[in-house]
Amino acid sequence: MLGTRSGGRGALYAQPLPEALHESSRTADLVVVGAGAMGGWTAYLAQAGGVLPDGRTVGGGRRVTLIDAWGAGHPRATSGDETRIIRAAHGADRLYTRWARRALELWRRHEREWNVELVLPAGMLWFAGRPDGEEAASARTFTELGVPHERLGADELLSRWPQVAVRGDLDHILYEPDAGALMARKACLAVAAAFQRTGGSYVVAAVMPGRSQGGRLLQVVDRSGRAWSADRFVFAAGPWLPRLFPDLLGEAISVTKQDVLFIGPSAGDRRFHWRALPCWGDGDAGFYGIGATEAYGMKVAPERPGPEFDPSHGERVVDADSLRLARDYLRRRFPALANGPVLETRVCQYERSVHGHFLLARHPGYENVWLAGGGSGHGFKHGPRIGEYLVARMDGQPEGAEDGDEEMRFRVGPRLPPVRDPSTPTDADLF
Ligand SMILES: Cc1cc2nc3c(=O)[nH]c(=O)nc-3n(C[C@H](O)[C@H](O)[C@H](O)COP(=O)(O)OP(=O)(O)OC[C@H]3O[C@@H](n4cnc5c(N)ncnc54)[C@H](O)[C@@H]3O)c2cc1C
């Protein structure tokens, strides 16, 4: 029988302790709801400050409160898995390519500053079945933007990574050497801890919008009646965002079950460790994966969207079909792992926006509320860049100041239903 991964693994993964709650910490300049990749980095950069590539400073000098229902990096959160890929390849999309490069710079800078390993520099292989597919478009974008990459033939691939099998089914392979894996759950904890060290208040509570006045939200409240007031709020609630704002986002973001398997290599076989095998993506086959970290086997995940999923109560047990499909795939591409045992499984969820873009926008019904979400299966790596963008916008940077019209993709609209008066769900709807 397949099991789900348990949350705790000793001191390394211990949650930063929520501080004792004093009345004074109930009023802040900014309240951020959600300590995943998006909310954690936004809270940290708002509290600690940051420097944009053009030298402008953003954030800092604020009293920020970060609130999470279960705590940073918990297993229900989309950011709560062990690893996530960081890669710049995004076909012809220049904004996400630039953002991923900037995010990588920020991840690396902060892991050095915080003295914690968060980036595993594994590289990434993109298996291309066609000469002119997404991989070729990514290579063109890389050339334009100066992103290191190599185009490999099957022979070159096999001479460098003989554990990969090619059976005449690949046109070429795009190799992205600067890509790699992020230690996701550990990173959420590291960001929350750094946030606290720089003076931020971190609270474990499940909150929802409370009183508002004149188009401004005044406070968030929990079920016991505790309230946190602030000048501004960011809701970075991942898959819970449509529940918090059902009128606005109920149809804009859907939440789907995503299965992940960790397959164990034979004793003494290091060929599938991340140091020996880059992360990989196989668009045509609909699979991607990450080489084994010390504690886990090779991560193998089908890219197909699963059924609708309840992030609070959904049972985190993978479908038998996912295992069958993964084994079929491994037999073709990584035959030495085809019969390897499943060491761990993980059920996560995508919070897919209607167009696959992030939502990083002011709430149309509250002038002092910002929304961050719609990760759509690719948001984790961008956490620091998303935080930087949102903090700059809250500092007054106009939309489009950095990326022109390309930033319009982050708006609420135009396929979203019209905004009615912001209505507030009850905690029964939320959790
Ligand atoms: C299987 C899978 C593979 C993926 N692979 C990649 C990858 O390789 N690379 C990549 O970049 N991205 C990847 N992603 C996407 C990425 O993980 C997400 O885009 C990202 O983690 C979303 O972060 P978030 O902060 O928006 O949401 P979350 O991490 O879910 O954080 C939201 C937080 O808000 C809290 N919250 C919600 N409601 C409330 C409330 N009312 N009160 C208080 N707290 C609340 C929750 O407890 C939670 O901690 C993948 C996703 C999945 C599912």
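This is a short tour of a predicted model, stop by stop, for use with your viewer open.

Local features here need pLDDT of at least 70 and side-chain atom pairs count only at pLDDT 80 or more, while totals for chains, interfaces and linings use all residues. Residues are numbered from 1 along each chain as its sequence is written, and side-chain values use heavy atoms, with hydrogens and water left out.

**Stop 1: the sheet.** Color by secondary structure; helices (H or I, at least four residues) and strands (E, at least two) are DSSP runs, numbered from the N terminus. Look for the open, mixed sheet of eight strands, ordered β8-β9-β7-β18-β19-β20-β17-β21; two strands pair if DSSP finds at least two bridges between them. Now select 150-152 (β8) and 342-353 (β21): each has a single partner strand, so one side of each is left without a neighbour in the sheet. From one strand to the next, the twist averages 20°. Axes are lines fitted to C-alpha atoms, for helices over the stretch in contact, and angles run from 0 to 180 degrees between N-to-C directions.

Leu152 has Ile173 as its bridge partner in β9.

**Stop 2: helices across the sheet.** Select 134-145 for α3, which lies across β7 and β9 at about 40° to β9 (contact means heavy atoms within 4.5 Å). Next, take 320-333: this is α8, running at about 55° to β17 and lying across strands that include β7, β17 and β21.

**Stop 3: a covered helix.** Among the buried ones are Trp41, Tyr44 and Leu45. Gly49 follows α1 and has a positive phi, near 85°.

**Stop 4: the ligand.** Show what surrounds the ligand: 39 residues, the closest being Asp68, His74, Ser79, Ile85 and Val207 (a heavy atom within 4 Å).
- Asp68, at 2.6 Å
- Ser79, at 2.5 Å
- Arg84, at 2.8 Å

Stop 5: Most residues other than glycine have a negative phi. Asn115 has phi near 55° and is exposed, at 72% relative accessible area, in the loop between α2 and β6. Finish at Ser376, with phi near 50°: this residue sits between β23 and α9 and counts as buried at 17%.

Terms used: Buried < 20%, exposed > 50% of the residue type's maximum accessible area, 1.4 Å probe, protein only. Polar contact = N/O pair within 3.5 Å; in protein donor to acceptor, adjacent residues only side chain to side chain.
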